[in-house]
Amino acid sequence: KSKDGDPVALQGPEVKIVCKLVEKVEISPDTRRFRFALPESDQVLGLPIGQHVRLEANINGEHVMRSYTPTSGENVKGFF
């Protein structure tokens with residue numbers, strides 16, 4: 001649980017969770033904001049600001065990994 005008592009989605013650096021991409025916004029030609037839903041709507045991500053997550057996906061048959069720094073606050077529930 002988080003310091004506020006909310007359930008936390010991330011349980012450790014090697015524990016993978018499934019998150020669905022629910023929004024993609026183009027901010028500029030080389031910048032996009034992605035919004036991912038957490039497995040449960042009452043969960044917080046559980047990652048302090050300034051830390052990063054590694055996302056993995058199969059895109060067109062290719063395994064892709066990227067690191068991103070979430071910009072949502074620590075207490076945001078249901079997505080990052």
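**Note on the predicted model**

1. Asp-6 is found in the segment before β1 (20-28). This placement is read from a predicted model. With a relative accessibility of 13%, Asp-6 falls under the 20% limit and therefore counts as buried. Its side chain makes a polar contact of 3.2 Å with the side chain of Lys-77. Apart from neighbours within four places in sequence, Asp-6 is in contact with Lys-1, Asp-42, Val-44 and Lys-77.

2. Gln-43 is placed in the loop between β2 (31-37) and β3 (53-59). Despite this loop position, Gln-43 is buried, its relative accessible area being 12%. A polar atom of the Gln-43 side chain lies 3.0 Å from the backbone nitrogen of Glu-40.

3. In soluble globular proteins, nonpolar side chains tend to be buried together.

4. The strand pairing deserves a separate remark. β1 and β2 are antiparallel and are paired over seven bridges; they form a hairpin with two residues between them. Within this pairing, Lys-24 has Phe-34 of β2 as its bridge partner.

5. A second hairpin is formed by β3 and β4, again with two residues between the strands. In its turn, Asn-60 has a positive phi of about 50 degrees. β3 and β4 (residues 62-68) run antiparallel and are joined by seven bridges, and Arg-54 stands opposite Ser-67 in β4.

6. The structure holds three aromatic pairs. In one of them, the ring centres of Phe-34 and Tyr-68 are 5.9 Å apart and the planes stand at 65 degrees, so the pair is edge-to-face. Phe-34 lies in strand β2 and Tyr-68 in strand β4, so this pair ties together parts that are 34 residues apart in sequence. Both residues are partly exposed: Phe-34 has a relative accessible area of 28%, and Tyr-68 has one of 34%.

7. Phe-36 and Phe-80 form another aromatic pair, which is stacked, with 5.4 Å from centre to centre and 20 degrees between the planes. Because Phe-36 lies in strand β2 and Phe-80 in the segment after β4, the pair ties together parts that are 44 residues apart in sequence. Phe-36 counts as buried at 15% relative accessibility, as does Phe-80 at 12%.

8. Leaving aside neighbours within four places in sequence, Phe-36 is in contact with Cys-19, Lys-20, Leu-21, Val-22, Leu-55, Gly-78, Phe-79 and Phe-80. Phe-34, Phe-36, Tyr-68 and Phe-80 together form one aromatic cluster. Phe-79, one of the residues in contact with Phe-36, has the charged end of Arg-35 sitting over its ring, 3.4 Å from the centre.

Terms used. Residues are numbered from 1 along each chain as its sequence is written. This is a predicted model: local features need pLDDT of at least 70, side-chain atom pairs count only at pLDDT 80 or more; totals for chains, interfaces and linings use all residues. Side-chain values use heavy atoms; hydrogens and water are left out. Helices (H or I, at least four residues) and strands (E, at least two) are DSSP runs, numbered from the N terminus. Buried means under 20% relative accessible area, exposed over 50%, partly exposed in between (1.4 Å probe, protein chains only). A polar contact is a pair of N or O atoms within 3.5 Å; within protein, one must be able to donate a hydrogen and the other to accept it, and residues adjacent in sequence count only if both atoms are side-chain atoms. Contact means heavy atoms within 4.5 Å. Two strands pair if DSSP finds at least two bridges between them. Rings of Phe, Tyr and Trp (its six-membered ring) pair if their centres lie within 6.5 Å; planes under 30 degrees apart count as stacked, over 60 as edge-to-face and the rest as tilted. A charge sits over a ring if NZ of Lys or CZ of Arg is within 6 Å of the ring centre and within 35 degrees of the ring normal.
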